[in-house]
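Welcome, and please open your viewer. We will take a short walk from one selection to the next, with a note on what to look for at each stop.

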Amino acid sequence: MAVTIVLGSQWGDEGKGKITDMLSQQATLCCRAAGGHNAGHTIVHGNVTYDFHILPSGLISESCVNLIGAGTVVHVPSFFKELLSLETKGLQGAAGRVFISDRAHVCFDLHSVVDGLEEAGLGGRKVGTTGKGIGPCYSDKASRRGVRIGEVLDEQVFERKLRTLHAGYVARFGELNYDVEEEIARFKV
């Protein structure tokens with residue numbers, strides 16, 4: 001069985017999405033292994049332009065199953081917004097062909113707030129992040145305090161872990177422009 005892997009090792013904009021689009025037309029499985037919703041691939045397929053951020057661009061192929069792997073960080077509202085946008089543009093059935101690993105980490109709005117605070121606290125030596133919270137989410141993943149997708153399904157674990165994350169950031173930065181209860185409520189819908 002042949003396996004084809006598309007890696008980007010330079011700037012992030014080497015055209016991985018376009019190459020993946022071409023290769024996925026004959027692929028059974030397309031996996032997103034790392035990154036978050038800060039990524040961006042614009043693909044013109046047929047006469048339609050599709051914008052991808054968190055979703056694998058293999059969704060354009062109707063015969064390709066797509067996986068968002070354990071190495072990714074997933075902003076759940078952005079996932080559903082992007083999926084709806086793709087389906088509105090004609091990728092019907094895309095929701096049935098994309099799966100998220102239960103071990104992928106959840107990127108919360110809290111992470112975006114912290115991203116801005118960390119960027120501002122560098123004393124003029126800005127990293128130049130997108131402000132989407134990817135770095136803080138990966139930090140939480142590495143320190144084993146983050147929330148995994150599978151933990152969202154256990155309400156008690158999810159709420160405890162998110163409140164603990166929030167409390168840790170409040171201890172570090174002081175009061176935040178963020179409402180933990182509002183974010184918890186969004187996940188209950």
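Start by selecting Asp140. Leaving aside residues up to four places away in sequence, Asp140 touches His111, Arg145, Gly146, Leu165 and Tyr169. Keep in mind as you look around that this is a predicted model.

Now colour the stretch around your selection: Asp140 is found in helix 4, which covers residues 134-142. Is Asp140 buried or exposed? Its relative accessible area is 0%, so Asp140 is buried.

Next, show the side chain of Arg145 together with that of Asp140. The two side chains meet in a salt bridge, with 2.6 Å from N to O.

How many salt bridges does the structure hold? There are ten salt bridges. For another of them, select Arg172 and Glu118, where the closest N and O atoms are 2.9 Å apart. Arg172 lies in helix 6 and Glu118 in helix 3, so this pair ties together parts that are 54 residues apart in sequence. Arg172 counts as exposed, at 53% relative accessibility, while Glu118, at 25%, counts as partly exposed.

Then move to Arg186 and Glu183, whose side chains meet in a salt bridge at 3.1 Å, N to O. Both residues lie in helix 7, three residues apart, which is about one turn of the helix. Arg186 is partly exposed at 34% relative accessibility, but Glu183 is buried, with a relative accessible area of 1%.

**Aromatic rings**

Clear the view and look for rings; the count comes to five aromatic pairs. Select Phe108 and Phe158: their ring centres are 6.1 Å apart and their planes are at 40 degrees, so the pair is tilted. Phe108 sits in the loop between strand 7 (105-106) and helix 3 (109-120), and Phe158 in helix 6 (residues 155-173), so the pair ties together parts that are 50 residues apart in sequence. Both Phe108 and Phe158 are buried.

Taken together, Phe108, Phe158 and Phe187 form one aromatic cluster.

**Two domains**

For the last stop, zoom out and colour by domain. The domain assignment gives domain 1 (16-100) and domain 2 (108-187). Taken over C-alpha atoms, the centres of the two domains are separated by 25 Å.

Where the domains meet, 13 residues of domain 1 are in contact with ten residues of domain 2. The area buried between domain 1 and domain 2 is about 970 Å², and carbon and sulfur atoms give 67% of this area.

Notes
Residues numbered from 1 in each chain as written. Predicted model: local features only at pLDDT ≥ 70, side-chain atom pairs only at ≥ 80, totals over all residues. Heavy atoms only, no water. Phe/Tyr/Trp six-rings, centres within 6.5 Å; stacked < 30°, edge-to-face > 60°. Helix = DSSP H or I, 4+ residues; strand = E, 2+ residues; numbered from the N terminus. Buried < 20%, exposed > 50% of the residue type's maximum accessible area, 1.4 Å probe, protein only. Contact = heavy atoms within 4.5 Å. Domains from an automatic or database assignment. Buried area = accessible area lost by both parts, 1.4 Å probe. Salt bridge = Lys/Arg side-chain N within 4 Å of Asp/Glu carboxyl O.
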